[in-house]
Number of protein chains: 2
Amino acid sequence: MSKLDEVYAKLQVKNGAKLALVVLDGLGDIATAATGNMTPLEAAKTPNLDALVRSGCAQGRMIPVAPGITPGSGPGHLALFGYDPIEWEVGRGVIETLGLGIELKNGDVAARANFCTLDAAGLVTDRRAGRIATEVCERLCALLSAKIKKIGDTQVLIYPGKEHRFVVVFRGKGLEGPLTDTDPNREGLAIATAQPTDPKNAGQKKVAKLIADFYAVALPLLAKEKPANGFLMRGVAHQPDIPTFAQRYGLKAAALAVYPMYKGLSQLVGMVKIEGIETIAQQFERYVKEYDNYDYFFIHYKYTDKAGEDGNFAAKVKAIEDFDAALPILLARKPAVLAITGDHSTPCAMKSHSWHPQPVLIHSASSGNDKLDRFTETGANGGGLGIFEAKYLIRLMQAQAGMFDKFGA
Amino acid sequence: MSKLDEVYAKLQVKNGAKLALVVLDGLGDIATAATGNMTPLEAAKTPNLDALVRSGCAQGRMIPVAPGITPGSGPGHLALFGYDPIEWEVGRGVIETLGLGIELKNGDVAARANFCTLDAAGLVTDRRAGRIATEVCERLCALLSAKIKKIGDTQVLIYPGKEHRFVVVFRGKGLEGPLTDTDPNREGLAIATAQPTDPKNAGQKKVAKLIADFYAVALPLLAKEKPANGFLMRGVAHQPDIPTFAQRYGLKAAALAVYPMYKGLSQLVGMVKIEGIETIAQQFERYVKEYDNYDYFFIHYKYTDKAGEDGNFAAKVKAIEDFDAALPILLARKPAVLAITGDHSTPCAMKSHSWHPQPVLIHSASSGNDKLDRFTETGANGGGLGIFEAKYLIRLMQAQAGMFDKFGA
């Protein structure tokens with residue numbers, strides 16, 4: 001824990017106030033001539049958000065990780081949850097597993113895997129086994145699962161994904177990642193050996209041996225399959241031992257997310273997964289219903305990012321307007337502190353995540369009023385929160401909820 | 001290397017995109033009543049810069065080193081080049097030597113020196129020897145150079161500067177700085193002994209002995225000179241072993257600078273020195289000509305700083321207008337990412353460098369558009385880049401050039 005985190009922890013008090021974070025995934029955007037020099041937030045009609053802004057909000061922009069760094073969903077959300085994503089790195093295997101909706105335990109090591117095709121000499125001839133059907137992948141995973149349940153004292157869990165993709169989870173004592181890939185990254189080469197990234201790390205060495213042993217048992221089981229007679233493993237990583245929201249902030253947190261990835265990310269930090277919700281209106285209704293049961297609500301909305309990734313400006317505008325239309329449901333039972341932001345920007349013009357600081361808005365009794373008319377990137381540039389690292393958002397929310405004692409006399 | 005720098009290094013990809021950094025030295029300024037509450041950037045007529053801004057730019061302000069710290073040219077430029085000037089300290093002896101246009105090698109130890117006057121008891125009676133003429137300084141340096149070429153296994157290089165100033169370079173194995181000055185800082189005292197700043201540092205101890213030996217040989221050679229019969233050494237420092245642009249960023253970099261100091265600073269980080277240019281128009285023309293040969297161009301313009309140091313507001317306005325008039329030459333062959341800024345502020349009202357964050361502008365396909373009309377200090381305050389440390393500028397340029405992979409999944 002950094003010295004600053006120690007100070008925050010020492011000043012922290014419980015007061016039962018409610019915090020809500022609404023994440024419009026990939027919300028931030030850039031103005032380009034092609035879209036009349038407007039961003040989707042600027043182009044969208046958002047009467048409810050506008051009214052909220054005028055009633056008194058602080059705005060700013062957040063650097064998701066560090067200047068110029070484009071985050072994946074993992075680092076983007078960890079930062080929103082107040083965990084420095086440079087300090088708490090979550091490997092690809094873990095993210096992929098969470099994305100399949102699979103729960104991981106602290107200390108689990110997870111790897112993403114592909115079925116591939118090997119020739120008689122054991123060289124990779126197709127790294128994706130011709131993108132076999134998902135049903136074939138499910139059958140092969142079942143085949144492996146049936147025969148391989150344990151290696152030594154370590155449990156082995158195998159879960160199918162889409163097409164040729166699956167994940168392998170090792171659950172046991174003293175396991176650690178990351179390891180190098182067994183994927184040679186091009187055809188014509190043999191399957192590589194997974195190696196510890198830190199040769200002195202005993203946990204990584206144990207996993208390296210596990211993977212070698214896993215190959216020794218699994219490859220013969222696939223030998224007669226066509227075209228998927230082999231597999232490659234990538235992003236071998238362990239679930240980091242992250243302190244939970246309860247431990248770190250003294251907050252009982254609930255996640256109102258629809259997509260598995262975000263449910264998984266929220267579970268990484270110990271949030272309770274709320275199921276049975278689909279639309280943003282349902283998410284807000286459920287928030288109102290659960291209001292008394294939790295201290296902190298993470299409400300995740302995917303469609304802004306989807307539209308950005310597709311480069312579909314009109315769809316991103318529409319996603320924002322749909323969110324705005326549902327917003328009164330949440331506002332009917334306002335939390336003490338409400339934050340609305342993204343986990344990063346996904347500019348339509350770039351069709352991808354980006355490093356551009358995402359706009360953020362905080363509304364509370366002590367948020368003050370930036371006297372802006374709307375919630376937009378350009379407006380937020382001049383807001384009272386300034387441009388700051390996303391990992392501090394929760395600190396500002398805690399502060400506005402009166403959850404920090406004074407520092408020093 | 002910091003953990004963050006390691007992350008940047010890991011995410012870095014080569015894509016052949018061109019980056020150009022135009023440094024208007026000491027560009028930043030402050031508005032005062034004496035100049036109609038305008039800064040030179042605000043007062044200048046800059047039609048070409050204005051058009052660039054309106055076509056889509058992100059603006060912000062950069063803290064050269066840390067809040068309140070006024071940088072010299074060395075730290076100011078190191079930061080622009082992405083090297084934390086607190087971490088990579090370049091001693092005065094090194095800067096002074098570079099300023100004379102002398103090339104240094106990694107590991108060289110350089111000191112700035114003054115000829116001084118000593119009385120019969122060896123006490124300093126004039127720390128500057130009455131500011132002897134430059135020709136006298138040159139003669140004395142030649143005298144010392146002719147007799148002192150080596151001390152033990154270390155090469156000794158002596159270069160005259162203006163008036164009483166010269167520099168001494170020790171080139172050899174196992175040398176390190178910094179050491180304390182031999183300048184007693186006031187008249188009536190003896191020449192001090194240069195001492196290691198870290199008494200356990202073997203390299204510094206070797207240099208301390210070298211300096212003592214150098215005095216032992218050099219003072220007798222000057223004994224009959226008047227008034228310059230002694231000398232004082234200050235800022236004894238070694239050229240730090242800085243990773244080059246190629247090593248750190250994978251970029252082949254060229255420096256289009258006119259003044260020796262800036263050529264020297266760019267060489268510190270391994271830039272190729274482009275010679276035979278004088279005016280800003282020639283610098284831009286040469287940039288166009290060299291476009292295919294380099295990945296990164298550092299273009300340095302001195303006259304804004306000169307005017308600021310002189311407290312000459314009109315001259316600073318004129319320097320900006322001259323730059324603006326030449327700008328279309330560069331814009332005829334736009335780089336993927338263009339940044340225009342200063343290495344620090346040099347407010348006319350202060351006649352010196354200052355700590356005020358300098359304005360910065362970035363133009364690229366992904367810069368977005370802050371919807372500002374002009375490039376000014378006040379405008380930049382509300383720009384999308386916010387106020388950030390100058391050492392991150394290159395990271396933003398790399399990001400806008402698509403030179404970083406996504407961080408995490």
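Predicted model: local features only at pLDDT ≥ 70, side-chain atom pairs only at ≥ 80, totals over all residues.
## Close-up views of the two-chain model

**View 1. The open sheet of chain B.** In chain B, 8 strands make up an open sheet with mixed pairing, and their order is E10-E9-E11-E1-E12-E13-E2-E14. The edges of this sheet are taken by strand E10 (272-273) and strand E14 (386-389) of chain B, each of which has a single partner strand, so one side of each is left without a neighbour in the sheet. Pairing between strands of a sheet is made through backbone hydrogen bonds, in either a parallel or an antiparallel sense.

**View 2. The open sheet of chain A and its edge at E10.** Chain A also contains an open sheet of 8 strands, ordered E10-E9-E11-E1-E12-E13-E2-E14 and mixed in its pairing. Here strand E10 (272-273) and E14 of chain A stand at the edges, and each has a single partner strand, so that one side of each is left without a neighbour in the sheet. Strand E9 of chain A, residues 253-256, runs parallel to E10(A) and is joined to E10(A) by 2 bridges, with Ala254(A) standing opposite Val272(A) of E10(A).

View 3. Strand E2 of chain A spans residues 58-63 and is mostly covered, with 6 of its 6 residues buried. In a regular strand the side chains alternate between the two faces of the sheet. E2(A) is joined by 5 bridges to strand E13 of chain A (residues 358-364), and the two run antiparallel, whereas E2(A) and E14(A) pair in the parallel sense over 4 bridges. Met62(A) takes part in both pairings, having Gln358(A) as its bridge partner in E13(A) and Phe388(A) as its bridge partner in E14(A).

**View 4. The contact between the two domains of chain A.** The domain assignment divides chain A into domain 1, made up of 12-88 + 242-400, and domain 2, made up of 95-238. Taken over C-alpha atoms, the centres of domain 1 and domain 2 of chain A are separated by 35 Å. To their contact, domain 1 of chain A gives 7 residues and domain 2 of chain A gives 6 residues. Helix H9 of chain A (residues 260-268) provides the largest share of the domain 1 side, namely 6 residues, and by class that side has 3 nonpolar, 3 polar and 1 charged residues.

**View 5. The interface between chain A and chain B.** In this interface, 34 residues of chain A are in contact with 25 residues of chain B. On the chain A side, at least two residues each are supplied by helix H4 (73-80), helix H5 (92-99), helix H13 (377-381) and strand E14 (386-389), and this side has, by class, 16 nonpolar, 14 polar and 4 charged residues. Chain A can be laid on chain B with an RMSD of 0.3 Å by a turn of 127 degrees and a shift of 0.0 Å along the axis. Only 6% of the interface residues of chain A are also interface residues in chain B, so the copies meet through different surfaces.

Notes: Residues numbered from 1 in each chain as written. Chains lettered and ligands numbered in written order. Pairing = 2+ DSSP bridges. Domains from an automatic or database assignment. Nonpolar A, V, L, I, M, F, W, Y, C, P; charged D, E, K, R; others polar. Least-squares fit on C-alpha atoms with pLDDT ≥ 70 in both. Buried ≥ 20, exposed ≤ 12 C-beta atoms within 10 Å, placed from the backbone.
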